Amino acid sequence: RLDILKNSLRIFVHTKLKLNPKHEFAICCLTETTIWYQDFTSDLELFIPKLLKLESQGKSPSFDISSLFQIIYEKCEPLKSKNQSSVTDVIYRAVFIYSRSGIVPVWQTGRELRTQMLNSNNFYFDSMYLHSFKDKAVKPQEIYDFIVQEFDTENVKPGYHFENSSNIKKIYMNMAQLLAHPLQRPPKEDLLKFTALEKT
């Protein structure tokens with residue numbers, strides 16, 4: 001499944017750069033906290049090999065999701081601006097890809113930074129949750145409910161949040177749906193209507 005995900009991300013990056021060569025991409029890895037793995041770049045010769053070298057980080061007993069927001073905030077200077085009255089020239093979007101079926105993320109340092117960033121005019125948060133049903137300890141519904149509750153119902157600008165178990169076609173479809181610019185795409189509720197109509 002990791003190879004499928006890496007290939008879908010490779011296609012995503014190639015397509016985004018064809019739409020706008022000024023796009024830049026970075027990669028974080030998740031252990032018990034968040035590791036900044038690849039800095040922002042639009043250089044495919046640099047980015048793609050780093051992407052394809054990604055491997056499973058092994059089993060961790062927990063994941064502190066507040067560390068994700070902390071490291072993004074540290075690396076993205078415009079997010080620190082006090083002037084958030086209008087949309088800036090720089091838009092940051094995090095695509096949170098989570099594949100732990102038995103570990104519900106926790107907020108070890110609180111939600112304050114999350115709230116600040118989600119209310120920023122130049123930060124958007126989407127997610128793709130890939131889970132398994134094989135392990136008796138899985139909590140897929142509890143984890144997906146956590147993601148929706150933390151990043152959708154309390155967010156003034158809801159993101160795209162997808163879940164999937166083993167449907168390869170759906171992984172590619174969801175990644176294609178994430179191609180749209182956050183300021184130009186329809187609400188997810190409308191997106192689901194279009195998807196249902198397409199299947200009929």
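These legends go with a few close-up views of a predicted model. Local features need pLDDT of at least 70 and side-chain atom pairs count only at pLDDT 80 or more, while totals for chains, interfaces and linings use all residues. Residues are numbered from 1 along each chain as its sequence is written, and side-chain values use heavy atoms, with hydrogens and water left out.

**View 1. The buried side of helix α2.** Helix α2 spans residues 44-52, and its buried residues are Phe47, Ile48 and Leu51. (Buried is under 20% relative accessible area, exposed is over 50%, and partly exposed is in between, with a 1.4 Å probe and protein chains only; helices are DSSP runs of H or I with at least four residues, strands are runs of E with at least two, numbered from the N terminus.) These residues sit on the same side of α2 because they cover an arc of only 95° around the axis, taken from the directions from the helix axis to the C-beta atoms. Their cover includes α1 (2-19), β1 (25-30) and β2 (34-41).

**View 2. The N-terminal cap of α2.** Here Asp43 does the capping: one of its side-chain oxygens lies 3.0 Å from the backbone nitrogen of Glu45.

**View 3. Tyr172 and its neighbours.** Tyr172 belongs to helix α6, residues 168-177. Its relative accessibility is 30%, so Tyr172 counts as partly exposed. Leaving aside residues up to four places away in sequence, Tyr172 touches Ile4, Asn7, Ser8 and Ile11, where a contact means heavy atoms within 4.5 Å. Ile4 is 168 residues from Tyr172 in sequence, yet their C-alpha atoms are 8.6 Å apart in space.

Technical notes
A polar contact is a pair of N or O atoms within 3.5 Å; within protein, one must be able to donate a hydrogen and the other to accept it, and residues adjacent in sequence count only if both atoms are side-chain atoms.
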